[in-house]
Each structure stands twice: as C-alpha cells, then as structure tokens.
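Me: I'm new to this one. Could you walk me through how to read its main features?

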Amino acid sequence: MNITETKNSKINNINFDKLSFGQTFTDHMFLCHFREGTWQTPEISPYKPLILDPSASVLHYGQAIFEGMKAFKDNDDQVWLFRPEENFKRLNCSAKRLQIPEFPKSYFFEGLNKLLYLDKEWIKSGQENSLYIRPFVFASQASVQASAANEYIFMIICAPVKSYYNGGEINVLIAEDYSRAANGGVGFAKAAGNYAAQFYPTSEALKKGFQQIIWTDADTHQYMEESGTMNIFFKIDDILVTSPTNDRILDGITRKSIIDLAKHQGIKVEERPIKVEEIKLAHREGTLKEIFGTGTAVVVLLINCFSHQKENYKLPNDTSLANFLKKTLMDIQYNKSEDHFNWRKTIV
Ligand code: COI
C-alpha cells in the first residue's frame with residue numbers, strides 16, 4: 001500500500017462539540033482502483049477531491065454501493081470497531097447484486113486499520129462521540145454505455161460524529177403510496193440509489209412534520225418493512241417484533257445485534273411480517289409500548305408518533321426497552337462491558 005501522510009492536519013480547526021452528521025471529514029482517505037480486471041495497489045493519501053470524467057458511469061447509471069461503520073474510543077484511548085467482518089461481508093454481497101467486482105478482504109482490513117491508525121486523534125472518547133466510517137465503491141469507467149463498468153474506485157472516508165438526530169426522537173409517516181424496494185430488487189443491498197429514491201417522499205413527509213417514512217411492502221402497503229434508513233422494532237406487550245429480512249429489507253448489523261442482545265436478556269423476539277393494522281390495533285388496546293429504529297448511524301432511535309391515513313398515533317412515554325438495549329449495545333461498543341458475543345475488534 002502507498003501511504004502519503006498529510007503535512008497540514010485540519011484537526012485544530014474543528015469544533016468537536018458542534019458536528020453536523022457527516023459534514024466534517026478526517027485528514028486521510030483510502031482509495032483503490034479496479035482496472036484491467038483486478039484491484040490495483042491501494043493508497044492512503046490526504047483527503048482531497050477526486051477528478052472524474054464527466055462520462056463516469058456512476059454519474060449516469062448509479063452503479064454504486066456503500067457501507068456504514070463506526071469506530072469508538074474507550075477511556076484508555078484504545079480504538080474499537082463493531083462487527084467489521086459483517087460490514088465487509090455485506091459490502092461484497094451488495095457488490096455482487098450491483099455487478100461490481102468483489103473487494104479483497106486483506107485490502108479492506110489493512111486499509112481500514114492503517115487509515116484509522118493515521119486518523120486516530122479524530123476519534124474522541126465519550127459515549128457521545130464516534131467516528132463514522134464510510135466505505136464505498138462506484139463505477140468510474142468513462143463511458144455512457146448502459147452496462148456494468150470495467151473500472152471502479154473503492155474508497156474509505158471517515159467523519160467524526162455525535163448523534164444523527166438532535167433531539168433523540170422522531171415522528172414517522174407510514175407509506176401509503178411510495179415504496180422503497182420491490183421483490184427481486186436491490187432493497188437488501190446498500191445500493192446508493194435506494195437512498196436517493198427516498199429523498200423526495202421524505203422531504204414531502206418532512207413538510208408535514210415527519211422526519212422519516214415507515215416503508216411498507218410495495219404490493220399492498222399493508223406490512224411495515226423499514227423506517228427511513230433504519231430497521232424497525234415494535235414492543236407489543238413484552239414481545240419485541242421486527243420484520244424478517246428478505247430481498248427488500250437491509251440485513252442491518254445493529255438490527256441483528258439488538259435481536260441477539262434482547263434474546264440474551266431473556267426477551268422474547270419475533271421476526272415476522274407486521275401489519276399496519278396490527279400496530280394500530282395494539283395502539284388502541286394499549287399493548288403497543290414502544291417503536292424504535294436501529295442503524296449504524298442512529299444506533300437506536302425512538303419513535304414518538306406515527307401517522308397513517310391522516311391519523312396520528314402518539315406512543316406512550318415508555319422508552320425503557322429501547323433505552324436499555326441502546327445502553328447495552330453502546331457499552332459493548334465503547335468497551336465498557338463484557339463482550340459475550342465477541343463483536344468488538346480493536347485496531348492494530
Ligand atoms: C447507516 O446507519 O450507516 C446508514 O446507512 C444510514 C446512512 C444513510 C446515514
């Protein structure tokens with residue numbers, strides 16, 4: 001790997017107490033070209049803009065995927081990653097579906113380790129702070145031919161972050177017309193276009209006071225699938241319910257960690273299709289206790305109110321399970337508690 005360290009660190013110009021999510025980036029970036037049928041020697045260089053041909057395939061056909069991961073610093077200044085192997089596996093699973101060449105594991109982990117080592121001062125300790133890591137791949141071939149490209153760029157960039165939403169709770173609108181994903185489509189992959197397609201419906205929802213949309217199945221709009229960029233959980237009586245993963249739903253790493261943690265605590269978890277009508281009925285009967293979303297960026301995010309067919313349903317003030325699971329997960333991530341599942345990995 002070729003490494004060029006920055007001579008002008010930006011770190012002293014950053015106010016780490018006032019960070020908007022994903023707007024500030026560290027000093028270095030990792031980059032690797034795919035050309036002539038193979039991934040080339042990777043490099044780490046100072047963070048800088050890219051030069052792309054205007055015909056670069058990604059700009060026309062959106063052949064791009066990404067991952068979201070986080071690094072955490074404990075009170076002894078040791079840096080930890082959370083289940084990074086899962087991100088690597090999912091990256092290549094997304095790559096396969098988008099006809100992007102798989103990225104070598106050794107390059108991924110060597111690059112990630114070296115990058116985090118170089119930028120470790122950007123990771124602040126304390127449970128409010130983490131480093132959001134964004135690996136991504138896009139088609140860089142100069143061509144508007146509508147077929148898979150023969151050149152790609154894989155990169156990792158990093159952003160110091162605090163919480164994703166200020167305020168800690170959101171209101172959501174249940175989708176009645178728009179859909180996020182279809183059977184046989186790319187909903188399970190972290191394809192860039194899955195996110196772009198949400199922006200318009202979400203901005204319409206925002207005008208009505210809802211920060212996210214709960215996506216329902218494209219066929220009937222009767223089943224809840226995901227919320228915005230998160231997987232979604234419902235506490236009904238004492239049972240935690242979430243949709244099963246399938247080709248429309250992202251196999252969230254936070255999602256599966258929350259399921260394992262809940263089960264480990266003796267909480268009953270059901271992965272099954274969830275009807276909108278079931279949730280409305282549970283709300284009326286008082287058995288719906290909590291709704292929360294999970295994701296790398298948000299960790300666990302409480303939903304305060306949902307809306308369907310122009311009617312608003314305020315959730316009770318019980319936030320105990322979401323808060324408990326969030327704390328349990330974060331204590332593992334920040335090396336504050338025992339890691340029964342062996343999820344935490346330090347950098348070398
Ligand atoms: C993540 O949680 O990493 C996500 O993918 C959300 C991101 C779009 C901000």
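Predicted model: local features only at pLDDT ≥ 70, side-chain atom pairs only at ≥ 80, totals over all residues.

Me: Which domains does the assignment give for the protein chain?

Reply: Start with the residue ranges. Here domain 1 covers 2–161 and domain 2 covers 169–333. Their centres, taken over C-alpha atoms, are 27 Å apart. Where the two meet, 21 residues of domain 1 and 24 residues of domain 2 take part in the contact.

Me: How do I read the area buried between domain 1 and domain 2?

Reply: Think of buried area as the accessible area that two parts lose on being put together, summed over both. For this pair, that's about 1,900 Å², with 61% given by carbon and sulfur atoms. On the domain 1 side, look at Phe-66, Phe-82 and Arg-90: they supply 32% of the area that domain 1 buries against domain 2, more than any other three residues.

Me: Which elements supply the lining of the largest pocket?

Reply: At least two residues each come from strand 8 (130–139), helix 4 (192–207), strand 13 (230–236), helix 5 (253–264) and strand 17 (288–295). Helix 4 gives the largest share, 8 residues. Domain 1 and domain 2 each put at least three residues into this lining. Sorted by class, the lining has 15 nonpolar, 14 polar and 3 charged residues.

Me: And how much space lies in the second largest pocket?

Reply: About 360 Å³. This pocket is lined by 16 residues, with Leu-173, Ile-174, Glu-176, Asp-177 and Lys-208 closest to the centre. Helix 4 turns up here too, with the largest share of the lining at 4 residues, and strand 10 (169–174) supplies at least two. The class count for this lining is 9 nonpolar, 2 polar and 5 charged residues.

Me: Last one: do strand 1 and strand 4 run parallel or antiparallel?

Reply: For any pair, check the direction and then the bridges. Strand 1 (residues 2–3) and strand 4 (residues 43–46) run parallel, joined by 2 bridges; Asn-2 has Glu-43 as its bridge partner in strand 4. Strand 2 (residues 28–35) runs antiparallel to strand 4, with 4 bridges between them. In strand 4, Ser-45 stands opposite Met-29.

Definitions and conventions:
Residues numbered from 1 in each chain as written. Heavy atoms only, no water. Pairing = 2+ DSSP bridges. Nonpolar A, V, L, I, M, F, W, Y, C, P; charged D, E, K, R; others polar. Domains from an automatic or database assignment. 1 Å grid on protein atoms, 1.4 Å probe; cavity = no way out; pocket = protein on both sides within 12 Å on 5 of 7 lines; lining within 4 Å. Points joined across faces, edges and corners; volume = space filled by probe spheres on them. Contact = heavy atoms within 4.5 Å. Buried area = accessible area lost by both parts, 1.4 Å probe.
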